[in-house]
Amino acid sequence: MTRILSALFVFAALVAHAGASDKPDPEQWLSAAEAAYGKVTSYTAIFHKQQRVDGKLLPEETIFLKFRKPFSLYMKWMKEPFEGSELLYEVGRNEDRVTAHRGGVLRFITRNLDPADPGLMSGNLRPVTSTGIGYLLETVAINIRKATKAGDLTFSARGEESVYGRTTQVLEVVIPRERAKDYDGCRFVINQDVESKVLIRIRVYDQDDQLVENYGYENVDLEAPLVDADFDPKNPEYHF
């Protein structure tokens, strides 16, 4: 009888531990993720971007990206429909305007535009100033903390998944459908790199569980030695 009771006690403890691991503490997780990103000063990556605009899910864009804190950004589109397009933005440079040109026959026309310019916002849900791994974390943090305060949050761990060749921890944020209008989405699926603790993908779904936003960062190099020339339109490797 003693052995049976001991076995039952161990089993109950294991079940309780498994349940706890499925329900991580959101604030504790956020604090650790923010600390990990806080150590990052610059990085390069292949940025995958897909959005649903005016009800239509647009094709995925594939972009080579350079980023340096506080906010210096270079982007070059690697595939159609915008292959060859380039964009530069750096806080405090060029009157806080974006320097950009299209690919193809329009590659010789460089323009300086406000980040919220209709030409840049066409086919986009968010301005270019919302680009970057830090933005993924900021979006998740704002929604989690708001939902926690309102009592709307369901936050779960969903095991591990390989993304872009990296082992990631999958976390899911769920908001009640009737409250989703107060947030950026109804369901968020987050992939956090297990080794670096940096977020490398986020997918956002609406009340109908339709994909609305999908942002991923492949081949992330957190030790990229970026310098001023990487964000200078006169860089000979660029075509501004």
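The structure holds one cavity of 30 Å³ or more. The model described in this report is predicted. About 40 Å³ of space lies in the largest cavity.

The residues that line the largest cavity are Arg126, Tyr135, Leu136, Thr139, Ile202, Val204, Glu213 and Tyr215. Two or more residues of this lining come from each of H4, strand E11 (199-205) and strand E12 (211-221). Helix H4 provides the largest share, three residues. By class, the lining of the largest cavity consists of five nonpolar, one polar and two charged residues.

## The packing of helices H2 and H4

Helix H4 also takes part in a helix pair. The axes of helix H2 (residues 26-38) and helix H4 (residues 133-150) come within 11 Å of each other, and they cross at roughly 160°. An angle over 145 degrees counts as roughly antiparallel; H2 and H4 are therefore roughly antiparallel to each other. Their crossing is left-handed.

On the side of H2, the contact is made by Pro26, Glu27, Trp29, Leu30, Ala33, Glu34 and Tyr37. On the side of H4, the residues in contact are Ile133, Gly134, Leu137, Val140, Ala141, Ile144, Arg145 and Thr148. Sorted by class, the contact of H2 with H4 has ten nonpolar, two polar and three charged residues.

## The largest pocket

The largest pocket contains about 690 Å³ of space. It is lined by 37 residues, and those closest to its centre are Trp77, Arg102, Gly119, Leu120 and Asn124. The lining residues of the largest pocket comprise 21 nonpolar, ten polar and six charged.

Several elements each supply at least two residues of this lining. Among them are the strands E1 (42-53), E4 (72-77), E5 (86-90), E6 (98-101) and E7 (111-113). Helix H3 (118-121), helix H4 and strand E12 also each supply at least two residues of the lining of the largest pocket. Both H4 and E12 have been named above as elements that give two or more residues to the lining of the largest cavity.

## The second largest pocket

The second largest pocket has a volume of about 200 Å³. Of the 13 residues that line the second largest pocket, Arg166, Asp193, Ser196, Val220 and Leu222 lie nearest its centre.

Strand E12 gives the most to the lining of the second largest pocket, with five residues. The classes represented in this lining are six nonpolar, two polar and five charged residues.

Notes
Residues numbered from 1 in each chain as written. Predicted model: local features only at pLDDT ≥ 70, side-chain atom pairs only at ≥ 80, totals over all residues. Heavy atoms only, no water. Axes fitted to C-alpha atoms, helices over the stretch in contact; angles between N-to-C directions. Helix = DSSP H or I, 4+ residues; strand = E, 2+ residues; numbered from the N terminus. Parallel < 35°, antiparallel > 145°, perpendicular 65-115°, else oblique. Left-handed = near helix turned anticlockwise from the far one by under 90°. Contact = heavy atoms within 4.5 Å. Nonpolar A, V, L, I, M, F, W, Y, C, P; charged D, E, K, R; others polar. 1 Å grid on protein atoms, 1.4 Å probe; cavity = no way out; pocket = protein on both sides within 12 Å on 5 of 7 lines; lining within 4 Å. Points joined across faces, edges and corners; volume = space filled by probe spheres on them.
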